[in-house]
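Below are my notes on the pockets, the strand pairing and the ligand site. Please read them alongside the coordinates.

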Amino acid sequence: MTPPPGAAGAVRHPDAPAPGELLGSHYEKCFGCGGGQAHGLHLEARAGEGVAVTAEFTVRPVHQGAPGLAHGGVLSTALDETMGSLGWLMHTIMVTGRLETDFVRPVPVGTVLRLGAEVTAVDGRKVFTRATGRIGGPDGPVAVRAEALFIKVNVSHFTEHGRDEEIEAAMADPDQVRRARAFEVNP
Ligand SMILES: CCCCC/C=C\C/C=C\C/C=C\C/C=C\CCCC(=O)SCCNC(=O)CCNC(=O)[C@H](O)C(C)(C)COP(=O)(O)OP(=O)(O)OC[C@H]1O[C@@H](n2cnc3c(N)ncnc32)[C@H](O)[C@@H]1OP(=O)(O)O
């Protein structure tokens, strides 16, 4: 996942949320960040400086893979969600094309995983990102890290491929529509 030579740096959108501002959920039913998913991650991300974000995810018993330990797929989801939320800062809608995770240390239930992510390069529709998750405090050791390639898409990606029931409900929510349209780009 090495950006090609000549790839551009990320550009912070002039209307991006200020550093420290809570980004909120992009979709209420999102397994990563939505409040409407009982067993979801309820991940909370904040804007950072430049095109970077920080986020927190508290590992609950429903997230176990082994006794008392977080499931690796759940940790990958937390990293994916954090990197995906970088779209807020560029006003870009993007989906994960490729995600590579390193699991460095086990993550016990009850841990507050402190995540950080940034865009490393942009090449046309391709957005290269990386993220880390630390345990034991903001300066604690890295437990997981990832790199991911996101691809910019239009709202039609969701309306064409999503199930009608959820698409109709999302489109009936003016806040959801405003959020999606404001970020729409022409990839
Ligand atoms: C109505 C609801 C609206 C909701 C949105 C509203 C608001 C959003 C606001 C904020 C967002 C905030 C937070 C988001 C947080 C978390 C997000 C979680 C992210 C996910 O969890 S999201 C789910 C998993 N994700 C998928 O479900 C994708 C399935 N997939 C596809 O839908 C297609 O596969 C697609 C679209 C990816 C590409 O398809 P395509 O036809 O458009 O484009 P194409 O194939 O030409 O690729 C273009 C260039 O990317 C290269 N490329 C593509 N894939 C690659 C790979 N895997 N490895 C290496 N390179 C790859 C090609 O090689 C080419 O490169 P080149 O240009 O150099 O040739």
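1. Largest pocket. Its volume is about 1100 Å³. A pocket here is an open set of points on a 1 Å grid over the protein atoms alone, where a 1.4 Å probe fits, with protein on both sides within 12 Å along at least five of seven lines; lining residues have an atom within 4 Å of a point. Volume is the space filled by probe spheres set on the points, which are joined across faces, edges and corners.

2. Basis. This is a predicted model: local features need pLDDT of at least 70, side-chain atom pairs count only at pLDDT 80 or more, and totals for chains, interfaces and linings use all residues. Numbering runs from 1 along each chain as its sequence is written, and side-chain values use heavy atoms, with hydrogens and water left out.

3. Lining of the largest pocket. It holds 43 residues, with His-26, Tyr-27, Ile-93, Phe-158 and Gln-176 nearest the centre. Elements giving two or more residues include strand S1 (44–47), helix H1 (72–84), strand S5 (94–103) and helix H5 (174–183). H5 gives the most, six residues. Helices (H or I, at least four residues) and strands (E, at least two) are DSSP runs, numbered from the N terminus. By class, the lining has 20 nonpolar, 15 polar and eight charged residues. Nonpolar means Ala, Val, Leu, Ile, Met, Phe, Trp, Tyr, Cys and Pro; charged means Asp, Glu, Lys and Arg; the others, Gly among them, are polar.

4. Second largest pocket. Its volume is about 200 Å³. Of its 13 lining residues, Gly-116, Ala-117, Glu-118, Arg-130 and Ala-131 are closest to the centre. S2, S6, S7 and S8 each supply at least two lining residues.

5. Strands. S1 and S2 run antiparallel, joined by four bridges. Strands pair if DSSP finds at least two bridges between them. The two form a hairpin with four residues between them, and Gly-50 in the turn has a positive phi of about 60 degrees. S2 also pairs with S6, antiparallel, over seven bridges. Ala-55 of S2 partners Ala-45, and in S6 its bridge partner is Leu-115.

6. Ligand. Of the 20 residues around the ligand (a heavy atom within 4 Å), Asp-80, Thr-96, Gly-97, Arg-125 and Lys-126 come nearest. Backbone N or O atoms lie 3.0 Å from a ligand nitrogen at Thr-96 and 2.9 Å from a ligand nitrogen at Gly-97. A side-chain N or O atom of Arg-125 is 2.8 Å from a ligand oxygen. S5 gives the largest share of the shell, four residues.

How values were computed: A polar contact is a pair of N or O atoms within 3.5 Å; within protein, one must be able to donate a hydrogen and the other to accept it, and residues adjacent in sequence count only if both atoms are side-chain atoms.
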